[in-house]
Amino acid sequence: MAVLELFPDAKLGVGPAIEEGFYYDFLLPRALAPEDLAELEKRMRAIIAKDLPFTHEKVSPKTAQTFFEKKDQPFKLELIDDFVREGATELGLEKTGEVFTDLCRGGHVESTKDIGVVKLLSIAGAYWRGDEKREQLERIYGATFATQEELDAFLKQREEAEKRDHRKLGVELDLFTFSDLVGPGLPLFTPRGTVIREELENFVQSLQVPMGYQRVRIPHITKKALYETSGHWQKFKDELFKITSREGHEFAVKPMNCPHHTQIYASRKRSYRELPLRFSEVTAVYRDEQTGELSGLSRVRMITQDDAHVFCRMNQVEEEAMKVWDIVDGFYAPFKMPLAVRFSRHDPDHFEKYLGTPAIWKEAEDQMRRIIEKRGATDVIDGAGEAAMYGPKIDFIASDAIGRAWQLATIQLDFNLPERFNLTCVNEEGKEERIVMIHRAISGAVERFMAILIEHYAGKFPTWLSPVQVSVLTIADEYIPYAREVVDALATNGIRVELNDQNETLGKKLRDAKLGKAPYVLVIGKKESEAKTVAVNSRDQGDKGSVQLDDFIRMIKEEIKNRA
Ligand code: ZN
């Protein structure tokens, strides 16, 4: 309404709620400037004060069409066409007072006075439907809260998040890069960034091997037939990268790993004695996200999954989910990210939406409920009706250092793929028995997890994760030989160390080391060379004075081992 007051000819795009507030896209006669946001906010506050009721009306597509034709709103008409093509027979019109009507499926507060405080946050360019061949629109981002205090807290968090922005820090710390030749959404990890990825991968591996997880390897492409059987050809149709072979066969680059993994299970007859089988793999999947949606490492086209699939019998679900939970707890402890749990269950009033029988769902959900109780999880978010059509799940939501919540780990039951691929085991009676699959992720997408960690630590990684754990500096060239001895001793002990022996002032070298955020800087001068010590400068604890080299090595190894 406020935008239409200012620009009566504005064409309305879409305006969804997003994780942090909302946006609305408009085609406007001119680009917006920051001053416009202040003016729009003022008008929004005036509209809110008018206490206008929101009313929802269901109309036929024809009525909606006539309405938006009269209003000359081409984007809305395009959306209506799409809804009709998808089989909609009824569409929603949401009215604000008598002045403004939008195409909307509803779910509004009752009146504008319920909106609370609003803040317009930023402006960005956005192509209509994310398609760069279409109109460029002005996207206005905003947020709204019940109280001013909540808004203030949000703005403060946002300011802190901007300082920690992984896109900025990732470049400063030389962790990853993008190339125009490779393309958007396809991050390239530098040696430093790769160190972090491998540390994370090894950590998960160290936790899951004792639980009986085995590594597998699969190709990154597949014949169309695999995805026709799994249903992904249909489900991912717009996001699939497709390839045609020289013999004219259609292939797809994998957007998921599960279908491939089922084929390892199905490669031979399985006895119940072999189960559970736990296949794990850290591997990339590829999804053709729209260019406009891509952002740093958070939204990419190459998504590395720390993936695993457990193939088990129904009565093994509880024990297996417990094991995953152990891995999740073990993994998140060193990051000091508290976890909340969400239990997504089926909606008993709409059983037609789900695969499997009510008995199977009951058994599965009962097992999951018992796990949650045994774990003594508090703050369980009840996801009633939020289960996937193929099974219930438990998600873990981690809070970062500035209080943002991220859904990361997941335990997901699946009754669907075992049906589609006819996965069975031979049970005690010698009969074929349908098995279930558990999809599990610990860190979720590795790229997104890296983005979260960079911001969580503001680039100051704990020693075990730091690409460079120790930076050694010399006060003058004559101390280089001893500095090299120090570097060799550290490297021999598996510590990632870097020597800065350039002919620069100590002040400059210390500043460089600080920018690189190495947890320890060792300064080597006359005293250290003679006494075979190192002057320790800790990133987090400041100057720690001179210590024997051996003592320093023992201390840092202990710190790394404990992931302190
Ligand atoms: Zn899966």
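Me: Buried means under 20% relative accessible area, exposed over 50% and partly exposed in between (1.4 Å probe, protein chains only). Are His309 and His439 buried or exposed?

Reply: The model is predicted: local features need pLDDT of at least 70, side-chain atom pairs count only at pLDDT 80 or more, and totals for chains, interfaces and linings use all residues. Residues are numbered from 1 along each chain as its sequence is written, and side-chain values use heavy atoms, with hydrogens and water left out. Both His309 and His439 are buried.

Me: What is the average pLDDT of the protein chain?

Reply: pLDDT is the predictor's confidence in each residue, from 0 to 100. Here 100% of the residues score at least 70. The chain average is 92.

Me: Which element has the lowest mean pLDDT?

Reply: Elements are DSSP runs numbered from the N terminus: helices (H or I, at least four residues) and strands (E, at least two). The protein chain has 18 helices and 28 strands. The highest mean, 97, belongs to strand β21 (residues 424–426). The lowest, 82, belongs to helix α9 (residues 232–235).

Me: Which protein atoms are donors of the zinc ion?

Reply: Donors are N, O and S atoms within 2.8 Å of the metal (3.2 Å for Na, K and Ca). Water is not among the atoms, so the site may look incomplete. The protein donors lie 2.0 to 2.3 Å from the zinc ion. They are Cys258 (SG), His309 (NE2) and His439 (ND1).

Me: How many residues apart are His309 and His439?

Reply: The zinc donors follow the spacing C-x50-H-x129-H along the chain. His309 sits in strand β16 (residues 302–312), and His439 in strand β23 (residues 436–445). The pair links distant parts of the chain, and their separation is 130 residues.

Me: At what angle do the axes of helices α7 and α14 cross?

Reply: Axes are lines fitted to C-alpha atoms, for helices over the stretch in contact, and angles run from 0 to 180 degrees between N-to-C directions. Under 35 degrees is roughly parallel, over 145 roughly antiparallel, 65 to 115 roughly perpendicular, the rest oblique. α7 and α14 are therefore roughly perpendicular to each other. The axes of α7 (residues 191–208) and α14 (residues 446–456) come within 11 Å and cross at roughly 105°.

Me: How many nonpolar residues are in the contact of α7 with α14?

Reply: Contact means heavy atoms within 4.5 Å. α7 brings Gly193, Ile196, Arg197 and Leu200; α14 brings Val446, Glu447, Phe449, Met450 and Leu453. Ala, Val, Leu, Ile, Met, Phe, Trp, Tyr, Cys and Pro count as nonpolar, Asp, Glu, Lys and Arg as charged, and the others, Gly among them, as polar. The contact has one polar residue, two charged and, for the nonpolar class, six.

Me: What is the relative accessible area of Val317?

Reply: Val317 is found in helix α11 (residues 317–332). Beyond four places in sequence, Val317 touches Cys312, Gln367, Leu413, Val436 and Ile438. Val317 is buried, and its relative accessible area is 0%.

Me: Is Thr291 buried or partly exposed?

Reply: Thr291 lies in the loop between β15 (277–286) and β16. Not counting residues up to four places away in sequence, Thr291 touches Glu132, Pro184 and Arg301. At 37% relative accessibility, Thr291 counts as partly exposed.

Me: What share of the 564 residues in the protein chain is buried?

Reply: Gln65, in helix α3 (residues 61–70), counts as buried at 17% relative accessibility. For the protein chain, the buried share is 48%.
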